[in-house]
Amino acid sequence: MLRTALPLLLASLAATASAAPLDLPALIECRQGVADHAALAPLLADPLKAVANGLQPLPQANQFMTEFRLANPITVFGQQTDHIAVAGASVMAVLDQADPHPLATRLSLETGYDQGGKFMAGREVVSRDVTDPKTGEAQIESIILSVSTVASHPGRTLAGCTYSLDLPAEDEAPGDAASGH
């Protein structure tokens with residue numbers, strides 16, 4: 001009996017260990033890494049898994065974003081919300097804040113665009129050399145904090161984080177990125 005129960009127990013423990021609880025506030029506030037963000041994709045791709053994790057899919061108000069209502073509100077950047085949006089490698093809180101400027105200033109973001117009611121500001125909070133464990137290939141992990149507005153959500157501010165892995169520039173020698181080049 002132990003021979004049959006042990007593999008099942010080990011498989012169960014491995015599944016539990018790999019299924020770490022989703023920490024949305026940490027993802028949105030850029031306090032996690034690319035690997036943590038990557039764990040979000042399969043969860044969001046399956047509506048049943050999303051709902052099981054407290055994320056109710058919402059009708060799409062913007063074709064470039066997938067939106068969710070949270071079963072339990074979260075606090076990010078000092079504000080409570082129960083609404084998030086995911087766009088590509090970005091995960092953002094949808095905040096009931098019409099003016100994005102105070103939050104962008106408080107987060108020390110650089111304004112990239114501010115005209116005609118459209119606002120975008122951001123700052124790279126992480127840029128580090130990493131090695132792909134499967135291929136050994138050198139990559140650069142980049143994490144960018146941003147605040148923006150979008151026409152599909154008037155009176156709202158989107159605030160969150162973009163996670164990416166990029167290849168070093170072809171003309172960059174190995175190790176140059178680590179030295180700040």
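Two strands count as paired when DSSP finds at least two bridges between them. Keep that cut-off at hand for these exercises on a predicted model.

**Exercise 1.** In which sense do β3 and β4 pair, and over how many bridges?

*Solution.* Start with strand β3, which covers residues 79–87. Next, count its bridges to β4: there are four, and the pairing is antiparallel. The cut-off is at least two bridges, so β3 and β4 are a pair with their four.

**Exercise 2.** Work out the strand order of the open sheet, then say which strands stand at its edges.

*Solution.* Follow the eight strands across the sheet: the order is β1-β2-β3-β4-β8-β7-β6-β5, with antiparallel pairing. Now look at the two ends. β1 (55–57) and β5 each have a single partner strand, so one side of each has no neighbour in the sheet.

**Exercise 3.** Describe the second largest pocket: what is its volume, and which residues and elements line it?

*Solution.* Begin with the volume, about 190 Å³. Then turn to the lining of 17 residues, where M92, K118, M120, S146 and S148 are the closest to the centre. Two or more lining residues come from each of β4 (90–95), β5 (110–115), β6 (118–131), β7 (138–148) and β8 (157–166). β6 gives the most, with four residues. Last, sort the lining by class: nine residues are nonpolar, seven polar and one charged.

Definitions and conventions
Residues are numbered from 1 along each chain as its sequence is written. This is a predicted model: local features need pLDDT of at least 70, side-chain atom pairs count only at pLDDT 80 or more; totals for chains, interfaces and linings use all residues. Side-chain values use heavy atoms; hydrogens and water are left out. On a 1 Å grid over the protein atoms alone, a cavity is a set of points where a 1.4 Å probe fits but cannot get out, and a pocket is an open set with protein on both sides within 12 Å along at least five of seven lines; lining residues have an atom within 4 Å of a point. Grid points are joined across faces, edges and corners, and a volume is the space filled by probe spheres set on the points. Ala, Val, Leu, Ile, Met, Phe, Trp, Tyr, Cys and Pro count as nonpolar, Asp, Glu, Lys and Arg as charged, and the others, Gly among them, as polar.
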